[in-house]
Amino acid sequence: MHRRVALLSAVALTVAGALVPAGAAQASGGRISADPTPVRWSATDSWSERRTVLQYWTQQRMMAAQPLDDPTPRRSNGSGSPTQGTPWATRGASTTTTQRTPWTTRVATAGATQGTPLRVQGVSGQEQARVPNSPGLRWTDGGAVVRTTGRVFFTTANGGNASCSGSAVTSANESVVITAGHCVKEGGAFHRNWVFIPAFDNGRRPFGTWVASRLLTTQQWNAREDINFDVAAAVVAPLQGRTLTDVVGGQGVAFNQPRQRQMFSFGYPAAPPFDGSKLVYCSGRAFNDTVMTRDQGLRCNMTGGASGGPWFQGFNESTGLGWLNSVNSFKYDFAPDFMFGPFFGNEAMAVYQAAQNTNAP
């Protein structure tokens with residue numbers, strides 16, 4: 001493990017392809033203002049528009065959606081580092097409204113007694129003991145993370161249907177999903193028909209389909225798709241008169257935290273050998289990227305479609321709650337067993353704060 005991580009600092013920077021490439025679409029020269037105010041735009045403005053989006057996502061379209069194409073990375077002199085300020089965090093909570101929730105879902109529970117290792121299934125279906133350094137295994141232990149993590153579907157500017165991952169987080173408006181910047185905008189164009197499906201399970205939508213009304217991302221991602229700022233938020237409209245986290249609960253969020261901590265990463269990888277049908281997790285101690293970005297890395301074999309899935313510090317494996325502190329962002333072609341995610345500094349915090357104070361009509 002340590003030798004492989006060290007190799008990242010010695011490998012040539014000529015790479016070809018990633019979930020999202022390091023430095024993708026970055027323009028040379030010029031720096032974004034130190035003002036962390038995010039960029040926001042309307043995804044849907046009315047109930048009739050949201051109804052159209054809901055009708056668009058048929059089972060056939062959803063299952064045929066592909067992970068985003070891998071653009072070619074290029075280096076840039078315009079990249080900056082996330083601004084680090086005062087640490088800030090808010091605790092998440094599981095939903096406590098189960099009895100009046102009109103949705104139902106089957107959530108796997110750990111049947112182990114105290115002192116017995118919990119079990120997970122690998123990609124091939126074999127049962128394995130859960131260890132603190134998972135490179136990518138199916139999550140079968142239930143908890144809040146099953147309800148709060150979901151698949152994101154959208155239509156790109158070229159008309160293709162694609163998928164990412166995201167997480168419902170605690171917020172003032174009870175309507176915020178955190179994901180990656182390239183899961184809301186890529187190649188200079190915003191995605192449309194944007195929806196979040198929590199607890200997605202092999203095509204089933206146990207808590208419904210939530211349509212975005214507003215989308216937000218950092219100035220740096222909006223202007224030049226700077227991989228160091230690849231984070232975004234969606235504000236989703238209420239469904240059946242209920243807000244998102246009232247139905248599924250919400251994870252905590254944390255910003256400006258120490259680096260190189262133990263992390264748990266979740267997502268719905270959809271490129272081989274995965275198919276996007278199940279929730280997968282990776283875990284281990286994060287390390288700093290020494291090749292091309294200011295991101296953190298984690299040993300993880302998740303593939304396209306996992307982009308935007310949450311990274312948690314302080315993750316409680318029994319409750320499934322933690323503090324969302326990064327998202328799945330990109331991989332280097334020469335290091336396919338490592339995932340990288342942006343540092344959550346002031347810019348990422350500004351996206352979250354703006355999102356939680358945005359009305360969800």
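Predicted model: local features only at pLDDT ≥ 70, side-chain atom pairs only at ≥ 80, totals over all residues.

**Stop 1: the cores.** Select Ile 178, Trp 194 and Phe 266 and show their side chains: within the largest nonpolar core, which has 64 residues, these three touch the most other members. Now colour helix α7, residues 346-356, which supplies six residues, the largest share of this core. Then move to a second, separate core of eleven residues; Met 263, Phe 274, Cys 282 and Trp 311 are among them.

**Stop 2: a link across the chain.** Five salt bridges turn up in a search of the whole structure. Start with Asp 45 and Arg 214, whose side chains meet at 3.6 Å, N to O. Asp 45 sits in the loop between β1 (39-42) and α2 (47-56), while Arg 214 belongs to strand β13 (residues 210-217), and the two are 169 residues apart. Arg 214 is partly exposed, its relative accessible area being 23%.

**Stop 3: two loops joined.** Next, pick Asp 201 and Lys 278, a salt bridge of 2.5 Å, N to O. Asp 201 is in the loop between β12 (192-198) and β13, and Lys 278 is in the loop between β16 (262-267) and β17 (280-285), so this pair ties together parts 77 residues apart in sequence. Asp 201 is partly exposed at 22% relative accessible area, and Lys 278 is also partly exposed, at 24%.

**Stop 4: one last pair.** Finish at Asp 226 and Arg 224, whose side chains form a salt bridge at 3.3 Å, N to O. Are these two residues buried or exposed? Both Asp 226 and Arg 224 are buried.

Definitions and conventions:
Residues numbered from 1 in each chain as written. Heavy atoms only, no water. Core = buried A, V, L, I, M, F, W, Y, C linked by side-chain atoms within 4.5 Å. Buried < 20%, exposed > 50% of the residue type's maximum accessible area, 1.4 Å probe, protein only. Helix = DSSP H or I, 4+ residues; strand = E, 2+ residues; numbered from the N terminus. Salt bridge = Lys/Arg side-chain N within 4 Å of Asp/Glu carboxyl O.
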